[in-house]
Structures are given as structure tokens and as C-alpha cells.
Amino acid sequence: MNSIEFCKDLLKFIDTSPVSYFAVKNSADILRDRGFVELKENEKWKIDPSGKYFVVRDGTALFAVDLGEDLTRGFDIIGSHTESPTFKLKSKAEMTDAGYLKLNVEVYGGMIYSTWLDRTLSLAGKVLFEREGRIEEALVNIDRDLMTIPNAAIHMNRAVNKDFVINPQENLYPLVKTIKDRAEADGFIQKLLAEEIGVKAADIIDYDLALYDRQKGAIINDMYQIGRIDNLGSVHASLRAFVDAQSKKANCLILNDNEEIGSRSRTGAFSPFLKDCLKRLILAIGLSEEDYYIAIENSYLISADQAHAIHPNFKGFSDPTNEVRMNGGLVIKLAANGAYTSSVETKARILKIGRDLGLNIQTFHNRNDKQGGSTIGPIASSTIGIKSIDVGEPILAMHSIRELGGINDHKDAYEIYKRFYEED
């Protein structure tokens, strides 16, 4: 598969993954198609020492393993996160105002507000409902143009191109339709969800819904543009490399949720999800707890989370001697303050893989007067003790509703991740 075809596969993956629930579902489907067996956390694990398995937690985090011949040799792991900045629907979301039905939302993650304005939007997520006395759940994607967040006209907001500050409490309510009275708004969400999953509105118990952009991904010459590249681009490249790799050692994939809000959740990197899965594997095949600690010391984690390319219109935002260029190769991210886990030891392995494949590797440092974002790397490294490196594909407009990446960079990331999984 060439770079363009591989990028088209990425766009399809992202377009069908409007929120983290769908990203994990689609990843699990790919794993099942490749012969991976699902394990449940609330059941005893029966493990074939040469088997392939995956575990899903709460529908938004996933761990997968392709077991090797000797687990004490350690695990080679690539980790990324499944969610991106968005708006989450609040409880009692329906609001009526000046003849409109609008929805009450809250900001999730550090987004660029202005990019969400004047876009065609919809909702996706998880719904809990009652059926025959039992609580059941379903994923929903309202696959139609449902709402928008319109700008104020420049005639009324002359400061919009100067120093106007968007207030998320006042200016970012999505509008659904015009209405004549409150009765048209009452129960709108419940009715919408009930129609979608085929139950009565009274059967809807609760929901976890987020907004997403309806515009599909696009290829612009040697670049591609779509939402959620950060970090579904890393999910896609690492997942495809994981299932394609031919290896006799223990390879793992970890997809965490909630990185954009600090990772402190049951599905985030601060949870014991990764540690517990690795330990259960060791114990399930008859090894000891000491064997687990030996395996951890021999393990290596690639924390894959996208990197910042130099912006030709904002060149002053970049470090003067570490210009990261789109379609210039995978990026190793470094920070003296420990924000990234890359070290002289862990860098060497990725640099050698790049050299062996004839692929360029770039380095990123933040300017000294700017603070970069977080990743799952420092969390996994400090809580579990795994040697780690932070890498990513260079993109522009990170945390915009539509980000911009390089077609060649995405294929390069896949090739490097695949060699990482395959090398002995």
C-alpha cells in the first residue's frame, strides 16, 4: 500500500470514529479480523502462550497483545490516546432562547474555539437505556447535519478580527432549529436518541454524547486535512503496524482515553489498566511476580502523540535549530523539564530503525518561552517503570476542528512502528 492509499485508509478510520467509543470499536473490529481474541477483565484469563488477545475497558480504552516465546524478555509497546478536544453535552441540555433550540455543552480539552464556528456538526457517543427491566447500552452516531455554532456578524462584532475573546459560557451554544415555544424543546435529546436506537423516549436513562464535525477528510496534494489527527493518526499507524508485524516476541498496543484532560480516569494513562494487563498475562501463563518485574525492566514503550511542524505563517513559534517540517519524517520529542520521556538511551533505538529503513527522523524541542502539551509517556514511565520515548507525526493546526498532516509522514510512522514490532 503506497502513501496515498495508506492515508485514505486513515481518513476512513477517522471519519468512522467521531468519538473515542467508535475509535475503540473500530480498532477492536480490526483486531478480531486478524484473529485476536477478546478477554474480559471480570473473568479469569485462559491464555495460550502463543495467542493474540485484546481487552476493552469502558469502551474507550484498549489493550492488545501478540504473545511471544519468553515474556521475561519484555514487552515492546506502542501507546496513544483515543480522544480529541470537543464539546460534551451537559445534562438537561435543551435550552430555548430568542426563538431557537440550542444545546448546553461544556468544553473537553484544549481546543481552538474559533474553528468550531460556522461548521455543520452532529452528535455521537454512548446511550444507556432500559429494555425488559435491564440496563443496556448502545453506540450512536446521529449521521445527519444536526446543528451549528454560528458567528456573530462583523457588523455587530467589529472586534472579531482584533481582540475579541470567545467566552465558552456565552458564545458557544450549538443551534439546532428555530422553535415557537418551549414544548418543542422538551425531551428533544431523549426523542432523538430513542428514534436512533429504536426504543421509547421514556426508556432512555442516560448518555455520554459529544459534538463532531460533519465534513469528511480531504487530501490536498501531499497533505491531508481532517479532525482528530491528534491522536487518531497515531492510533491508526500503530494499530496497522501491530497487526501487520511478523514477530516471535511479545508486542503490545495500548490505547488510553482522557489524555486531553490529564489522564486521571479509569481509562486514562494514570489508571492501572496497562500495568494490570501486563501483570495478568505474566501470571496467567504460570510465571511469577518477580518475572513480571524482570519483564518490565526489559520492556520499551513508544508514546505516540502528534508533534508540531513549523508553521510558515508563524515561524517564530518554533525552536530556531530544531525546525520540524511536514513530510520530513517522524519526530522524536525532547524536553529538559521531563514533559517527554525521550532519553539518549531510548532515542538510539528509534534512530537506528530510521537509519536501517532509510527514513529521516526529526527532533522537536519547545521554545524556552512556551510550554508544550502532555503525553501518556511520562505517566507510564513513572508509574510502571518502563523505558519510554515520545514521538509523533508533524502536523499543523493541532487542536483545531480540522488539523493538517503530511501523507508521507503517516506512512513513515507506520514503517517505523512495524519495524519496531518486528525487530528481535
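**Exercise 1. Determine how helices H4 and H9 cross and pack.**

Step 1. The crossing of H4 and H9 is right-handed; a crossing has this hand if the near helix is turned clockwise from the far one by less than a right angle, and is left-handed if anticlockwise. Helices are DSSP runs (H or I, at least four residues) numbered from the N terminus. The model is a predicted one, in which local features need pLDDT of at least 70 and side-chain atom pairs count only at pLDDT 80 or more, while totals for chains, interfaces and linings use all residues. Residues are numbered from 1 along each chain as its sequence is written, and side-chain values use heavy atoms, with hydrogens and water left out.

Step 2. The axes of H4 (residues 229–244) and H9 come within 8 Å and cross at roughly 40°. Axes are lines fitted to C-alpha atoms, for helices over the stretch in contact, and angles run from 0 to 180 degrees between N-to-C directions.

Step 3. H4 and H9 are therefore oblique to each other. Angles under 35 degrees count as roughly parallel, over 145 as roughly antiparallel, 65 to 115 as roughly perpendicular and the rest as oblique.

Step 4. On the H4 side, the residues in contact (heavy atoms within 4.5 Å) include His236, Ala237 and Phe242; among those on the H9 side are Tyr414, Tyr417 and Tyr421. By class, the residues of this contact divide into 7 nonpolar, 4 polar and 4 charged. Ala, Val, Leu, Ile, Met, Phe, Trp, Tyr, Cys and Pro count as nonpolar, Asp, Glu, Lys and Arg as charged, and the others, Gly among them, as polar.

**Exercise 2. Describe the packing of H7 against H9.**

Step 1. H7 (residues 344–357) and H9 (residues 407–422) pack at an angle of about 110°, their axes being 10 Å apart.

Step 2. H7 and H9 are therefore roughly perpendicular to each other.

Step 3. H7 contributes Arg349, Ile350, Ile353, Asp356 and Leu357 to the contact, and H9 contributes Glu415, Ile416, Arg419 and Phe420. The classes are 5 nonpolar, no polar and 4 charged residues.

**Exercise 3. Characterise the aromatic pair of Phe6 and Tyr414.**

Step 1. The structure holds 8 aromatic pairs. Rings of Phe, Tyr and Trp (its six-membered ring) pair if their centres lie within 6.5 Å; planes under 30 degrees apart count as stacked, over 60 as edge-to-face and the rest as tilted.

Step 2. The pair of Phe6 and Tyr414 is tilted, with 4.8 Å centre to centre and 50° between the planes.

Step 3. Phe6 lies in helix H1 (residues 3–15) and Tyr414 in H9, so the pair links distant parts of the chain, 408 residues apart.

Step 4. Phe6 is buried at a relative accessible area of 4%, and Tyr414 is buried at 9%. Buried means under 20% relative accessible area, exposed over 50% and partly exposed in between (1.4 Å probe, protein chains only).

**Exercise 4. Locate Leu31 and list its contacts.**

Step 1. Leu31 lies in helix H2 (residues 20–33) and is buried, with a relative accessible area of 0%.

Step 2. Leaving aside neighbours within four places in sequence, Leu31 is in contact with Phe36, Phe54, Leu62, Ala64, Leu239, Phe242 and Val243.

Step 3. One of these, Ala64, is 33 residues from Leu31 in sequence and 8.3 Å away in space, C-alpha to C-alpha.

Step 4. Phe36 and Phe242 also belong to a cluster linked by ring pairs, together with Tyr300, Phe420 and Tyr421.

Definitions and conventions: Helix = DSSP H or I, 4+ residues; strand = E, 2+ residues; numbered from the N terminus.
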